[in-house]
Amino acid sequence: MDVVVKMVDGEYLNRGAIRKVVYYINRGAKHLPPNEQIIGSYGIFRGDKPKDVIKEMLETKRIFDATDGVQLRHIVISFGTKLNLPRKKIRKLILRTIGQWKNRYQMFYGIHYEVNDDGQPNYHFHLMVNSVDMITGKKMDLKLKDWIKFCRQTRRIWQDVVDANYNAQVDG
């Protein structure tokens with residue numbers, strides 16, 4: 001299975017978008033068994049609870065007077081089958097992935113699971129990135145070349161793990 005990286009359609013211009021996406025990510029992650037749940041944040045100092053993530057992201061926007069326009073980027077990284085890895089290893093892969101934003105944006109993520117149209121399991125994680133740089137206060141200007149680089153690097157981070165996981169399932 002190939003790792004798929006995609007940006008969720010929509011500009012998320014509504015000020016309620018952060019709340020909506022944070023709760024969506026949290027709710028989907030809670031559908032997994034407790035030992036498989038992975039929910040986390042980056043650049044959020046109050047914790048990983050949805051209300052704290054929302055409050056802090058909105059506060060960052062207010063501090064920098066950047067409350068208008070695009071509120072967030074919503075990215076989905078799909079790797080298909082369940083990864084037979086310790087949660088700590090999966091978290092490290094997620095941190096390597098979000099590290100590409102150079103520690104400049106607040107983020108919230110969660111692993112989700114669904115069955116696709118072919119009846120196959122689809123494990124993936126949702127990543128929400130605040131559109132305001134928490135250091136400079138500037139809005140994210142995601143150029144196509146930067147997006148392509150992010151996708152390429154993200155696939156590189158995850159593909160070996162996904163391939164090894166798939167091969168182990170086929171062999172086992």
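Begin by selecting arginine 104, which has a relative accessible area of 27% and is partly exposed (buried means under 20% relative accessible area, exposed over 50%, partly exposed in between, with a 1.4 Å probe and protein chains only). The structure on display is a predicted model, in which local features need pLDDT of at least 70 and side-chain atom pairs count only at pLDDT 80 or more, while totals for chains, interfaces and linings use all residues. Residues are numbered from 1 along each chain as its sequence is written, and side-chain values use heavy atoms, with hydrogens and water left out.

Arginine 104 sits in the loop between helix H3 (87–98) and strand S4 (107–115), and aspartate 133 in the loop between strand S5 (121–130) and helix H4 (144–171), so the pair ties together parts that are 29 residues apart in sequence. Aspartate 133 counts as buried, at 5% relative accessibility.

Now move to glutamate 59 and arginine 46, whose side chains form a salt bridge at 3.0 Å, N to O. Because glutamate 59 belongs to helix H2 and arginine 46 to the loop between strand S2 (39–42) and H2, this pair ties together parts that are 13 residues apart in sequence. Glutamate 59 is partly exposed at 29% relative accessibility, and arginine 46 is partly exposed with a relative accessible area of 39%.

The next stop is aspartate 68 with arginine 15, a salt bridge whose closest N and O atoms are 2.6 Å apart. Aspartate 68 lies in the loop between helix H2 (50–63) and strand S3 (72–80), and arginine 15 in the loop between strand S1 (4–7) and helix H1 (17–29), so the pair ties together parts that are 53 residues apart in sequence. Both aspartate 68 and arginine 15 are exposed. The whole structure holds four salt bridges, according to the search.

Finally, display the complete chain as a cartoon. The C-alpha trace spans about 55 × 35 × 30 Å along its principal axes. Of the 172 residues, 45% count as buried.

Definitions and conventions: Helices (H or I, at least four residues) and strands (E, at least two) are DSSP runs, numbered from the N terminus.
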